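Hi everyone, thanks for coming. I'd like to walk you through a structure, one chain after the other, and then look at where the chains meet. Here it is.

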Amino acid sequence: MNPTSDLLARYLQAIGDHLPAASRDDVLAELRANLQAQMDDRAEELNRPLTDAEVAGVLRDHGRPIVVAARYLPQQYLIGPAIFPYYLMTLRKAAPFALILIFLANCANILFVHTMPELIAGILRALGQLIPDLLIFAAWITVAFVIAEYVYTSNNAKPFCASWDPTKLPAIKPQIKGKSRASRIFDLIFHCLWILYVLAIPGHPFLILGPGEIALRAFPVTLAPAWQTFYVLLLVLLAFQLITKIVALNTSYDRGQAVLDLVTKLFGIATTAYLVTMKTYFVATGPSANLTMLANVNHWIGFGFRVVLLITLIDFLVEAWKLVRPSISARSLVF
Amino acid sequence: MDTTSNPLVEPQIFDSLRLELRRGCLIVAVLAQLRVEHYGYTLRKALADQGLAIEESTLYPLLRRLETQQLLTSQWREEDKRNKRFYKLSPEGETILVQLLAEWNGINDSVNNILQHSDQRLIP
């Protein structure tokens with residue numbers, strides 16, 4: 001075998017490695033004939049046999065074996081253009097719900113922790129697990145659509161969502177506007193009244209406990225000292241909200257305001273997290289107190305705060321997603 | 001929109017659009033050229049001689065695809081002591097070619113009409 005035939009044979013063998021057995025010999029025979037004719041033509045032009053480098057040049061121009069072979073194969077894709085828009089829509093619509101469910105499932109363990117470090121570690125663990133779990137979720141959606149594509153192409157059928165009725169399109173959405181100035185002023189006044197109310201609570205406990213304050217006096221129990229720290233945290237939170245509301249007074253609702261709202265929510269979460277870690281909400285003031293009942297009351301109050309913490313965390317994630325979503329292109333959501 | 005302001009993007013966009021434009025035209029050209037029998041290499045040369053250069057890696061698989069669609073017929077035959085696969089337009093291919101050429105002429109006329117009615121300065 002001369003060097004030219006050897007190089008051509010090796011090239012064809014490399015292409016053949018990527019072709020299906022059924023058509024391999026036929027395709028390679030045709031390619032051989034065409035390439036050989038091209039080389040003969042070139043040799044005739046030069047009036048001499050081609051050198052190894054020239055043969056290599058012809059083959060190089062013809063293309064990499066794997067690329068050449070790929071062109072003889074039917075077009076292949078996991079999810080074709082007919083189904084892809086539905087795949088993308090499903091991912092986009094389902095992702096927020098999946099996010100909430102995954103986070104809820106991962107957060108379930110924080111209902112049973114007792115200390116602040118355990119609580120923080122639980123939340124961080126739940127957050128850290130979000131991305132891997134979301135990837136798994138996206139992978140399952142992808143697998144479902146790959147199967148749908150296979151069924152669709154195998155049966156040469158119309159996609160399941162092909163028929164549609166224009167009259168069932170949703171009504172035009174009202175344009176989202178920020179709060180009116182009057183509404184923002186009212187919001188600020190209401191917030192100031194709310195702060196005054198909170199400031200008045202220590203001197204007038206009935207403002208928060210209502211008739212329960214009289215009932216509480218009849219029992220040898222009182223609020224735990226840790227509430228004082230919570231009270232300070234609450235005042236800081238209210239002061240921060242007051243600042244944001246004053247800032248918002250002269251600005252229309254925009255991304256900056258949304259970020260401030262998120263920060264406020266985060267502060268609220270921290271305050272609720274503190275409540276969760278208090279564990280003792282009422283303490284005995286005398287020996288006649290029923291300690292078992294008191295322990296039960298403290299336990300269930302703590303459980304209630306854990307549930308509130310979960311809800312506020314989910315609310316925070318949803319709002320954060322709403323804020324970030326417009327800046328993420330649909331394409332980047334595709335895996 | 002002024003696209004000439006970004007010299008880095010423009011060639012890419014042009015190449016991509018040119019490829020899209022050529023794709024359909026090449027099929028018409030190949031079908032038309034195969035009214036006369038050719039094997040892969042001579043067909044490529046004939047097209048190139050007419051000013052329509054086409055890569056081997058595009059043309060040869062295209063021939064097989066058109067044959068699968070029964071627009072071409074092929075047969076192995078010996079020529080110059082070598083076996084070669086010769087392609088020719090099938091009767092079905094002839095029918096399709098006539099329809100494609102009618103479509104082609106229709107598009108051509110429409111584009112010319114649009115160009116005539118639009119700003120003539122756009123035509124280089």
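Let's begin with chain B: of its 124 residues, 19% count as buried. Buried here means that 20 or more other C-beta atoms lie within 10 Å of the residue's own, while 12 or fewer makes a residue exposed and anything in between partly exposed, with the C-beta atoms placed from the backbone.

Some housekeeping. This is a predicted model, where local features need pLDDT of at least 70 and side-chain atom pairs count only at pLDDT 80 or more, though totals for chains, interfaces and linings use all residues. Residues are numbered from 1 along each chain as its sequence is written, and chains are lettered from A and ligands numbered from 1 in the order in which they are written.

Back to chain B, which has four helices and three strands. Along the sequence the pattern goes α-β-α-α-β-β-α.

Strands pair if DSSP finds at least two bridges between them. β2(B) pairs with β3(B), residues 82-89, over eight bridges. To pick out one bridge, Glu78(B) has Asn83(B) in β3(B) as its partner.

Now the helices of chain B. α1(B), residues 10-33, packs against α4(B), residues 91-117, at an angle of about 135 degrees, with the axes 10 Å apart. Axes are lines fitted to C-alpha atoms, for helices over the stretch in contact, and angles run from 0 to 180 degrees between N-to-C directions. α1(B) and α4(B) are therefore oblique to each other. Under 35 degrees counts as roughly parallel, over 145 as roughly antiparallel, 65 to 115 as roughly perpendicular, and the rest as oblique. On the α1(B) side, Val28(B), Leu31(B) and Ala32(B) meet residues of α4(B) including Leu97(B) and Trp104(B). A contact means C-beta atoms, placed from the backbone, within 7 Å. By type, this contact has seven nonpolar residues, one polar and no charged. Nonpolar covers Ala, Val, Leu, Ile, Met, Phe, Trp, Tyr, Cys and Pro; charged covers Asp, Glu, Lys and Arg; the others, Gly among them, are polar.

On to chain A, with 12 helices and two strands. Buried residues make up 11% of its 335 residues. Helices α5(A), residues 84-107, and α12(A), residues 291-324, pack at about 150 degrees, axes 11 Å apart. That makes α5(A) roughly antiparallel to α12(A). Among the residues in this contact are Phe103(A) of α5(A) and Trp321(A) of α12(A). What kinds of residue make up the contact of α5(A) with α12(A)? There are 12 nonpolar, no polar and no charged.

Last, where the chains meet. That contact takes 14 residues from chain A and 12 residues from chain B. On the chain A side, α2 (21-46) and α4 (65-71) each give two or more residues, and the largest share, eight residues, comes from α2(A). The residues on that side of chain A divide into seven nonpolar, five polar and two charged.

Key
Two residues are in contact if their C-beta atoms, placed from the backbone, lie within 7 Å.
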